[in-house]
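The sequence and the structure are shown first.

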Amino acid sequence: MKSNILLKNKYCCKCLHNNKLKNYFMINNHPYCYNHASLTFNKYIIIIQKFYRAYKCKRYIKIYKKLPADLQYKIKEKINYNHNTYKLYNKLQYIIINKSTILYNNDSITIDQISNLYTLFYKYFNTIHLSYLKYYFMMGKKLQLFNYKILYPELYYFYMDPLYLKIDEESISFDNIYNCSNIINNFIIYYIHRSNIN
Ligand SMILES: [Zn+2]
């Protein structure tokens, strides 16, 4: 039975009205057009696939049952690890991105908030998606310019960014600017290093 092959140009046995030559499946010696084949046989196909998946799974379980306990433990650990780390990474990324909204949502941010944020980006670099990292990298470069201007007031070149207006001036001290600049610098260097590898 060539039921899985789409053949060319025959009348479908179910298309009573408007019957035209169509591509068809031959099932039980009757030609069915694509629509009628899926309408009539999809429910059986799903059942067959379901049983096949169950069979495949049971086959693995049979092998698994025969293994010694320590190997079973290792397989279980690996499966759980993949599942749990994936969940953990997703959650971490969600938390960090939520925190980073202060960069564009809030009306004012302090230097310490920026430092904390970039500490997180650096620490959880591998859990954050690259498109977010790129954005934080661009923001980091802007913030770094601001820090340099405070640290080295004699700098000649300085352009004003709307972001700088949000930074709370009272939160600025020489120490925390210096600290913030170091933290962002680490992130920027790491980002450049990593994006050269990938
Ligand atoms: Zn038909």
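The sections below cover the basis of the model, the domains, the sheet and the helices.

## Basis of the model

The model is predicted: local features need pLDDT of at least 70, side-chain atom pairs count only at pLDDT 80 or more, and totals for chains, interfaces and linings use all residues. Residue numbers start from 1 along each chain as its sequence is written.

## Domains

The domain assignment divides the protein chain into domain 1 (5-66) and domain 2 (88-195), with bounds that come from an automatic or database domain assignment. Between the C-alpha centres of domain 1 and domain 2 the separation is 56 Å. A residue pair gives a further distance: Leu143 and Lys22 are 121 residues apart in sequence and 64 Å apart in space, C-alpha to C-alpha.

Three strands form an open sheet in the order S1-S2-S3, with antiparallel pairing. S1 and S3 are the edge strands, each pairing on one side only. From one strand to the next the twist averages 60°. Helix H1 (residues 34-66) packs on this sheet and touches S2 and S3, and its direction makes about 100° with that of S3. Axes here are lines fitted to C-alpha atoms, for helices over the stretch in contact, and angles run from 0 to 180 degrees between N-to-C directions. Strands (E, at least two residues) and helices (H or I, at least four) are DSSP runs, numbered from the N terminus, and two strands pair if DSSP finds at least two bridges between them.

Strand S1 (residues 6-11) and strand S2 (residues 21-27) run antiparallel and are joined by four bridges; Leu7 stands opposite Tyr24 in S2. Four bridges also join S2 to strand S3 (residues 30-33), again antiparallel, and Met26 has Pro31 in S3 as its bridge partner. S2 and S3 form a hairpin with two residues between them, and Asn28 in the turn has a positive phi of about 50°.

## Helix H3

Helix H3 (residues 111-123) has 13 residues and reaches 18 Å from its first C-alpha to its last, close to the 18 Å expected at 1.5 Å a residue; the expected span is 1.5 Å times one less than the number of residues. Its buried residues (20 or more other C-beta atoms within 10 Å, against 12 or fewer for exposed ones and values in between for partly exposed ones, with C-beta atoms placed from the backbone) are Ile111, Ile114, Leu117, Tyr118 and Phe121. Seen down the axis of H3, these residues fall within an arc of 125°, so they line one face of the helix. The arc is that of the directions from the helix axis to the C-beta atoms. The buried residues of H3 pack against helix H2 (69-99), helix H4 (130-151) and helix H6 (174-197).

## Helix H4 and Leu143

The 22 residues of H4 should span 32 Å at 1.5 Å a residue, which agrees with the 30 Å between its end C-alpha atoms. Tyr136, Met139, Gly140, Leu143, Phe146 and Asn147 are buried in H4. Seen down the axis of H4, its buried residues fall within an arc of 125°, so they line one face. On the other side of H4, Leu130, Ser131, Lys134, Met138 and Lys141 are exposed. The cover over the buried residues of H4 includes H3, helix H5 (162-166) and H6.

Leu143 lies in helix H4 and counts as buried because it has 26 C-beta neighbours inside 10 Å. Leaving aside neighbours within four places in sequence, Leu143 is in contact with Ile114 and Ile184, where contact requires C-beta atoms, placed from the backbone, within 7 Å.

Note on methods:
Two residues are in contact if their C-beta atoms, placed from the backbone, lie within 7 Å.
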